[in-house]
Amino acid sequence: MASQKFQRGSSSTEPEFTTASLPDIVFMLLIFFMVATVLRETDIKVRTQLPQAEALTKIDQKRLISKLHIGPLKRGENQGDTAIQIDDALIEDQRTIRQIMYRKLQEQPKLIVSLKVDQESEMQIVNEVQQELREANALRINYSSNREGPPPS
Amino acid sequence: MPGLLEKRRSDRDEGTIPTAGMADIAFLLLIFFLVTTTINVDTGIGMTLPPKLKPEQKPPPVKERNLMNVLVNASGDVLVDEERARVAEIRDRVKTHVLNFGEDPSLSASPDDAVISIKTDAATPYNTYIEVLDEVWMSYREIWDQIARTNRLPGPDGGTAGLEQTYSSYREYYNQLGPDEDNQIRDTFGAQISIAEPDTGE
């Protein structure tokens, strides 16, 4: 019985994995990660070192978020004046924030403005931006901050 | 000459592209994108700004006893109800204020009435502001933790919070919520944290 089985095994040709479809599988994974990867969304012209906090909430719906950066301008080694950046553009006049936000709110009524403020900024500019957001009726905000201590691995 | 060319062509077997290395190339690219991908989630402290008031409109009145004023000045000193306090004290101060249930006449009448107001100076560092705001939120978080663990509302006549089960923490409860489910803990025990109107200098 046993010898018969052995014989049958030896008579057949050497079994082999078919690796022909392996590249296909790998390519499929590759394409997924290529699509999911965001190398850098926007060119951030201001430095935003976020503060640390404990009572954090996550925003899972990325499409609701509009980012607003406040921080000193990046100018090589030394830092410039505090500036505001929305999407790709620096804001020259603070009064334009309300128009920009109002337009964004028309497109996305559940808009959340994520304030990415440098931790060394002063409250005056934050308050002014908040007043502008109130003018635009963009009331849902989020003070972007990182988890306290070293980031969880 | 033409004979040579013909001969060479006929010598060759069917030309095929070697596909053995294809998988390696694909793997290499895959690993690169695997490493560079950051499916990062935006984290932060969520707030809702008060709606814009019309010029003739006055802010809604809040009884003095229900209001807890937290003032932060430019050098990061904190004043809680006209008393100096350390940042680390805020958490307990907020808790005693919110969970007073009318006992102390200078503190809140009930958790639903309690309002924490945070006011900053123009030159207050943003870092300090977030630190203070975080402490206030954390004291609410601690109360919510308590509710999630016991499924009972705090207070002398604390009824059931209406949860289906108990959780080890508020975070655990929050994480299992679906996107369209209501946050029952926050609905029954809300946090009223207000960012005070900045001085206009008038």
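Reply: Happy to! Axes are lines fitted to C-alpha atoms, for helices over the stretch in contact, and angles run from 0 to 180 degrees between N-to-C directions. Keep in mind that this is a predicted model.

Me: Got it. So at what angle do helix 3 and helix 4 of chain A pack, and how far apart are their axes?
Reply: The angle is about 45 degrees, and the axes are 8 Å apart. Helix 3 of chain A covers residues 96-107.

Me: Is that pair oblique or roughly parallel?
Reply: Angles under 35 degrees would count as roughly parallel, so helix 3 and helix 4 of chain A are oblique to each other. As for handedness, helix 3 of chain A passes helix 4 of chain A in a right-handed crossing.

Me: Which residues make the contact?
Reply: From helix 3 of chain A come A:Ile97, A:Arg98, A:Met101, A:Tyr102 and A:Leu105. Helix 4 of chain A brings A:Val129, A:Glu132, A:Leu133, A:Glu135 and A:Ala136. By type, the residues of this contact are seven nonpolar, no polar and three charged.

Me: Switching to the two chains: how many residues of each are in contact?
Reply: On chain A there are 44, in contact with 37 residues of chain B. Helix 2 of chain A gives the most to the chain A side, with nine residues. That side of chain A divides into 23 nonpolar, 12 polar and nine charged residues.

Me: Nice. What's the strand order of the five-stranded sheet in chain B?
Reply: That open sheet has the order 4-3-2-5-6, with mixed pairing. Its edge strands are strand 4 (83-85) and strand 6 (193-195) of chain B, each pairing on one side only. Neighbouring strands are turned by 30 degrees against each other on average, direction ignored.

Me: How many bridges join strand 2 to strand 5 there?
Reply: Six, and those two strands of chain B, residues 67-72 and 115-120, run parallel. Among the bridge partners are B:Leu71 and B:Lys119.

Me: Last one: which strands of chain B does helix 4 of chain B lie across?
Reply: Helix 4 of chain B (residues 126-150) lies across strand 2, strand 3 (78-80), strand 5 and strand 6 of chain B. Relative to strand 5 of chain B, helix 4 of chain B runs at about 175 degrees.

Definitions and conventions
Residues numbered from 1 in each chain as written. Chains lettered and ligands numbered in written order. Predicted model: local features only at pLDDT ≥ 70, side-chain atom pairs only at ≥ 80, totals over all residues. Contact = placed C-beta atoms within 7 Å. Helix = DSSP H or I, 4+ residues; strand = E, 2+ residues; numbered from the N terminus. Nonpolar A, V, L, I, M, F, W, Y, C, P; charged D, E, K, R; others polar. Pairing = 2+ DSSP bridges. Parallel < 35°, antiparallel > 145°, perpendicular 65-115°, else oblique. Left-handed = near helix turned anticlockwise from the far one by under 90°.
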